[in-house]
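Good morning, and thank you for coming. I shall present one structure today, beginning with a pair of helices and ending with a few individual residues.

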Amino acid sequence: MLLAVRGAKIYTGRGDIIEKGMLLAGDDGKILDVGQDTAVPDNAEILDLEGRVIIPGLIDAHTHVGIWGDGEGEPSQDSNEWIDPVTAGVSALNGVNPLHNSFEGAREGGITTVQILPGSVNPVGGLCFACKTAGSIIDDMVIKNPTGLKGAMGENPKWAHGQMQKKAPASRMGIAAAIREFFLRAGEYKVKKNRAMEKGEFFETDIRMESGLMVLDRKIPFRVHAHRHDDIATALRICGEFAIDCSIEHCTDGYLIADYLGKKNTVAMVGPGLSSSSKLETAGFSDENAVILSRHGVKTCLITDHPFLNCRYFLAYASIVHKYGLSLQDTLRAITLSPAEALGIEERTGSLEVGKDADFAVLGGEPFTLKGRVESTFIEGKCVWRRKLY
Amino acid sequence: MLAIVNARLITVADGIIENGAVLLKDKRIVSLGRDIAIPDNCRKIDAIGRPVTPGLIDAHTHAGISEHGIDWAGNDTNEGTNPVNPFCRVKDGINMKDRAFDKLRKAGITCIGVLPGSSNILGGAGLALKCTGIIVDEAIVKDPIGIKAALGENPKKCYGKNNQSPATRMGNAAVLRESLLKAKQYLEKKQSSKEPALDMKWEALLPVIKKEIPLFIHCHRHDDIVTAVRICREFDVRFALEHVTDGHLIADFLKKHQVHCAVGPTLYYGSKVENRDRSFKTPVQFDRKKIPFCFITDHPVVDARNLALTAGMAVQWGMSEESALRAITLGSAEHIGINDRVGSLEAGKDADLVIWSGNPLEFTSFADMTIINGDTVYERGNRPCY
């Protein structure tokens with residue numbers, strides 16, 4: 001059955017606004033039409049949303065939804081394979097519980113797509129993937145897998161390995177060395193593998209090195225957790241040495257070196273927002289970070305790092321960024337199209353355009369206002385969450 | 001003397017006055033209204049129609065005692081060496097130069113409750129202070145406001161995991177009951193003996209036994225909340241509840257007991273099992289059922305600059321703006337017993353107020369100017385914020 005959503009003000013996510021627009025979704029969950037409210041096909045179910053606002057389904061590009069418990073204690077922690085500092089062979093896909101209540105929280109927040117990453121206690125943590133936020137079988141929810149290899153700098157690896165387990169890495173130098181060694185080995189592996197392939201000889205596959213190989217071949221980026229400005233610079237230095245793509249996850253001190261990051265065409269995943277500064281490496285946290293980074297040409301996406309900011313509150317976080325000076329359209333872009341592009345899934349989602357998935361959130365009023373709360377969330381043309389007031 | 005004129009005065013106590021003025025003198029509000037007399041020599045600030053509210057109050061924080069970006073060296077929240085430490089005083093651990101105070105002023109928060117942490121069954125005395133100055137003694141509004149107590153996971157974790165008591169919820173309750181019993185007997189002995197031996201521990205609990213100050217009891221889970229009420233009724237002491245995460249499940253029970261509840265930090269993540277069911281259901285239901293409550297951030301658990309945002313989110317879940325604003329001003333003042341001095345715009349109250357760029361509950365509004373005791377302690381400029 002076709003779905004015709006009529007009467008709402010539509011932010012397409014490409015900078016266009018359609019007053020009293022219409023969005024037509026097909027049986028297959030794709031957008032058939034988006035534009036002025038015109039004739040609706042006879043066989044369409046009509047949803048009248050006059051006075052409401054529609055925005056593209058939000059994309060939270062850095063979460064631990066379904067893999068990090070929310071009020072369940074240690075048994076639900078599956079995001080850090082913390083025994084070994086380099087665990088490139090693991091994949092977040094194999095640790096996610098798709099029926100976890102955090103997916104419900106994501107839908108409540110208007111989020112239709114998340115990237116799920118391993119945690120940040122390992123300098124090389126494992127593979128990430130992107131999925132929709134409704135479903136019961138994770139494989140059916142996946143949009144793209146893998147979307148990156150997680151890395152981490154700074155306090156977390158130092159704490160988990162050096163302090164807790166009395167082994168390397170115990171310092172920032174040790175972390176950098178572990179990452180560098182990993183990519184050097186992956187480079188050797190690549191040479192050996194290519195040689196064996198050419199000669200048609202047997203070659204023993206190593207799943208850890210295969211992950212490294214994907215990064216070296218620039219099929220996926222290295223997604224590096226870095227808060228402090230020097231950690232960010234170190235991450236860029238190492239990625240430059242190996243000529244690999246990267247994104248800076250958190251990028252807390254980014255505004256202090258925004259010029260440098262702009263020149264390097266950095267992708268910054270900024271968040272979690274609303275944060276307090278409990279650790280030394282987050283002492284520089286600023287609500288203006290994303291604003292300053294954007295002004296310097298850094299490709300900026302906002303992230304919740306769920307559960308650290310519950311993904312339910314994604315829009316509230318974006319409101320604060322808007323408050324500190326990022327324009328409404330740019331703020332919207334930082335939670336929709338920019339993360340879609342950063343994850344390489346913009347063909348399917350991130351804006352409301354013909355041929356893309358009919359993923360959208362219905363707001364009660366303008367985005368980033370009290371009225372603009374999420375009233376319902378749609379994935380591929382189907383309502384997956386609706387607000388019932390308490 | 002200072003007058004703020006041409007303001008939308010949201011008094012909290014008595015409605016909204018459009019085009020109003022408020023006159024401040026000697027650290028107090030002298031008068032407010034539409035047609036009040038303003039002396040000629042008085043300095044004036046034109047609010048240009050902007051909203052003016054009482055300074056916001058966060059009734060439960062660890063500002064200054066769990067410091068910004070410092071970790072253990074700046075964390076003096078829990079004297080976690082003995083589960084019964086009622087003689088500890090937060091006053092002795094607060095660093096007024098903690099960067100939290102800059103953020104508080106910037107967020108329009110003029111007054112806070114500071115409490116010890118929740119590792120101990122009895123953690124020590126909390127106080128209320130103004131967010132200004134460098135000498136804590138000079139910032140105090142009321143000290144003590146009450147003694148901090150805790151039930152549930154935190155004491156269990158701090159002591160039980162090291163094979164010390166308490167290791168269970170039963171143990172938590174037993175330690176609390178035994179302490180109150182001992183303090184009661186200490187009072188009886190003290191009154192009947194000519195030269196009573198001093199015991200600092202029980203001496204510190206006497207104001208609670210005498211019903212001069214309340215216990216502030218950390219409790220998230222519904223059964224912990226009920227245990228808190230049970231024990232306080234048994235010993236006939238005054239009390240208020242902190243966090244009250246599961247409150248919506250037992251709202252009628254709380255209504256019957258007319259307990260004052262400090263709700264939050266709702267924006268926090270599920271760090272433990274007992275705070276799993278955090279949502280705006282609890283404050284929205286409390287408001288509907290007229291259970292006295294306020295919002296807290298538990299700073300730095302949730303950063304206190306999100307206090308107004310928390311109230312705004314409750315509005316998104318159906319609470320009236322009036323109730324939501326009350327729960328971060330007058331409701332907070334009532335919770336920690338300082339509503340005679342702060343929490344609303346009323347003649348005679350302290351000159352603590354905020355000029356806002358727009359509706360104070362809107363996520364995009366700024367506190368344009370924060371005034372404490374009649375002095376401007378923050379004015380919005382173009383400085384970077386952290």
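In chain A, helix α4 (residues 172-199) packs with helix α6 (residues 229-241) at an angle of about 25 degrees, and their axes are 11 Å apart. The arrangement of α4(A) and α6(A) is therefore roughly parallel; angles under 35 degrees count as roughly parallel, over 145 as roughly antiparallel, 65 to 115 as roughly perpendicular and the rest as oblique. From α4(A), the contact is made by Arg172(A), Ala176(A), Ile179(A) and Arg180(A), and from α6(A) by Asp230(A), Asp231(A), Thr234(A), Arg237(A), Ile238(A) and Glu241(A). Contact here means heavy atoms within 4.5 Å. The residues of this contact between α4(A) and α6(A) comprise 3 nonpolar, 1 polar and 6 charged. In this grouping, Ala, Val, Leu, Ile, Met, Phe, Trp, Tyr, Cys and Pro count as nonpolar, Asp, Glu, Lys and Arg as charged, and the others, Gly among them, as polar.

Please note that this is a predicted model, in which local features need pLDDT of at least 70 and side-chain atom pairs count only at pLDDT 80 or more, while totals for chains, interfaces and linings use all residues; side-chain values use heavy atoms, with hydrogens and water left out. Residues are numbered from 1 along each chain as its sequence is written, and chains are lettered from A and ligands numbered from 1 in the order in which they are written. Helices (H or I, at least four residues) and strands (E, at least two) are DSSP runs, numbered from the N terminus. Axes are lines fitted to C-alpha atoms, for helices over the stretch in contact, and angles run from 0 to 180 degrees between N-to-C directions.

I turn now to the sheet. In which order do the 6 strands of the open sheet in chain A lie? The order is β3-β2-β7-β16-β17-β18, with mixed pairing. At the edges are β3 (17-18) and β18 (382-386) of chain A, each of which pairs on one side only. Two strands pair if DSSP finds at least two bridges between them. Strands β2 (residues 9-11) and β7 (residues 53-56) of chain A pair in the parallel sense over 2 bridges, and Lys9(A) has Val53(A) in β7(A) as its bridge partner. Across β17 (374-379) and β18 of chain A lies helix α1 (residues 101-108) of chain A, running at about 100 degrees to β18(A).

Next, the backbone. Most residues other than glycine have a negative phi, and most peptide bonds are trans. The peptide bond from Gly271(A) to Pro272(A), however, is cis, with omega near 0 degrees; Pro272(A) sits in the loop between β14 (267-270) and α8 (289-295) of chain A. In chain B, the peptide bond from Gly264(B) to Pro265(B) is also cis, with omega near -5 degrees.

Two residues other than glycine have a positive phi: Asn265(A), at about 50 degrees, and Asp305(A), near 60 degrees. Is each of them buried or exposed? Asn265(A) is exposed, with 63% relative accessibility, whereas Asp305(A) is buried, at 7% relative accessible area. Buried means under 20% relative accessible area, exposed over 50%, and partly exposed in between (1.4 Å probe, protein chains only). Asn265(A) belongs to the loop between α7 (258-263) and β14 of chain A, and Asp305(A) to the loop between β15 (299-302) and α9 (314-323) of chain A.
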